[in-house]
Amino acid sequence: MQSYVDRKILSGVSSAILSGQDLVHFHAAGWADIENQIPLRHDHLFRVFSNTKLLTSMAIMQLIEQGKLGLDDAVEIYLPQLGKRQVLIPGATDINQTETARSAITVRQLLTHTSGLSYGLLDHGSTIYKAYIERKVLNAFEPLSELINVLEDLPLSFHPGERWEYSIATDVLSRLVEVVSGDNFDVYLHAHILSPLGMNDTSFWVPPHKHERLAAYYAGTDTMNVLNRDLKRLEKSPYPDAFLKPIPRFSGGGGLVSSMHDMLMLMRSFLPGGHAVLKPESIQSMMQNHLPAGWGIAFPGVGDVPGKGFGLGGAVTLRPGENDPAGAEGEFEWGGMAGTHWWISPRHNIAGLLMTQRQMAFWHPYSFEFKKLAYAAMGK
């Protein structure tokens with residue numbers, strides 16, 4: 001990983017590998033802050049963005065275990081604004097070119113990104129992207145309740161259950177947690193997942209006494225060239241004082257800051273012998289593919305990701321591709337847009353973590369290389 005720092009592709013990288021509950025690799029390379037020459041330490045904090053989705057999915061699974069939700073419940077039972085959906089017709093050039101949805105959105109579809117919702121992040125120029133941006137779907141300064149109100153007036157991109165599209169669905173799930181549990185999402189996470197697992201550095205904002213531990217955030221001058229070596233510091237991304245002050249929206253899709261220690265505790269909870277906050281059958285279900293046979297996942301501007309299905313909160317490797325280790329079949333994985341990756345192999349009883357802070361570094365060449373090296377070192 002030091003080579004990516006030396007080539008100025010990444011500012012710094014923290015990496016870890018678990019074999020069962022044993023930490024067999026833990027290393028930090030490079031800088032937390034290039035400009036001030038602050039080396040990356042094991043206690044630095046990272047904007048983990050979509051790593052948050054795993055914890056939100058866990059919260060939903062807890063409520064299902066308690067009988068308060070059903071995996072195939074219609075979401076409109078709890079969030080009536082999301083009933084009676086309209087769907088954009090194929091080739092629509094206007095947000096009003098719609099037809100009535102053929103079925104209701106289910107909890108399972110939100111977990112697997114097959115609900116018909118979009119994101120307003122990656123599909124630049126599309127009809128739904130323009131509508132999401134215009135209506136400020138991702139507005140961090142409005143609570144989750146308002147997100148649902150905004151989505152009420154927007155059509156779906158496709159009929160529920162008929163396609164896979166990465167989406168705002170996990171933020172909808174965080175509002176579902178609030179409605180079903182009666183707690184604000186941050187309160188629920190702290191009480192039922194973060195505190196029980198000892199994840200004391202994970203939160204939606206960093207208190208002042210920890211500000212110096214938050215690693216600086218960088219981007220390449222060409223954001224779509226993931227190997228661009230000219231890093232620039234991002235001071236106001238995704239908005240001024242992001243993660244340094246409380247905001248109204250507790251984004252279940254991308255709102256958390258965390259540390260390597262805390263992410264290790266989270267990974268351990270999925271491996272045998274760890275302190276778990278879910279029943280074994282829930283963990284097993286999360287790590288299984290829930291997409292129909294023949295389906296895969298794809299991203300606008302990137303295309304298909306070969307050999308991947310999707311579980312309840314992360315991708316599942318069905319057939320290892322060129323970027324995967326040969327032994328990666330059955331692996332459960334995801335990560336965040338700033339390059340915070342996690343993966344769990346239930347077949348081999350191992351897990352890995354990578355943490356950096358470069359914009360658009362999700363599924364980056366550095367993560368592919370690290371994972372191959374990790375599997376090889378473990379003899380898998």
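How do the residues of the lining of the second largest pocket divide into nonpolar, polar and charged? They divide into 13 nonpolar, 5 polar and 3 charged, where Ala, Val, Leu, Ile, Met, Phe, Trp, Tyr, Cys and Pro count as nonpolar, Asp, Glu, Lys and Arg as charged, and the others, Gly among them, as polar.

The model is predicted: local features need pLDDT of at least 70, side-chain atom pairs count only at pLDDT 80 or more, and totals for chains, interfaces and linings use all residues. Residues are numbered from 1 along each chain as its sequence is written, and side-chain values use heavy atoms, with hydrogens and water left out.

**Stop 1: the second largest pocket**

Select Asp123, Ile128, Ser157, Arg163 and Glu165, which of the 21 lining residues lie nearest the centre of this pocket. Its space is about 380 Å³. On a 1 Å grid over the protein atoms alone, a pocket is an open set of points with protein on both sides within 12 Å along at least five of seven lines; a cavity is a set where a 1.4 Å probe fits but cannot get out; lining residues have an atom within 4 Å of a point. Points are joined across faces, edges and corners, and a volume is the space filled by probe spheres set on them.

Next colour helix 4 (127-134) and strand 10 (297-299), each of which supplies at least two lining residues. Strand 10 gives the largest share, 3 residues. Helices (H or I, at least four residues) and strands (E, at least two) are DSSP runs, numbered from the N terminus.

**Stop 2**

Leu121 and Ser126 both sit in the loop between helix 3 and helix 4. Leu121 is partly exposed because its relative accessibility is 35%, and Ser126 is partly exposed at 24%; buried means under 20% relative accessible area, exposed over 50%, partly exposed in between (1.4 Å probe, protein chains only). Draw a distance from the C-alpha atom of Ser126 to that of Leu111, 15 residues apart along the chain: the separation is 24 Å.

**Stop 3: the loop between strands 8 and 9**

Pro238 lies in the loop between strand 8 (231-233) and strand 9 (256-259), and a cis peptide bond, omega about 0 degrees, joins Ser237 to Pro238. Phe243 is in the loop between strand 8 and strand 9. This non-glycine residue has a positive phi, near 70 degrees, and Phe243 is buried at 4% relative accessible area.

**Stop 4: Met360**

Finish in the loop between strand 16 (350-355) and helix 10 (365-377), where Met360 lies. Phi of Met360 is positive, near 60 degrees, and Met360 is partly exposed at 27%.
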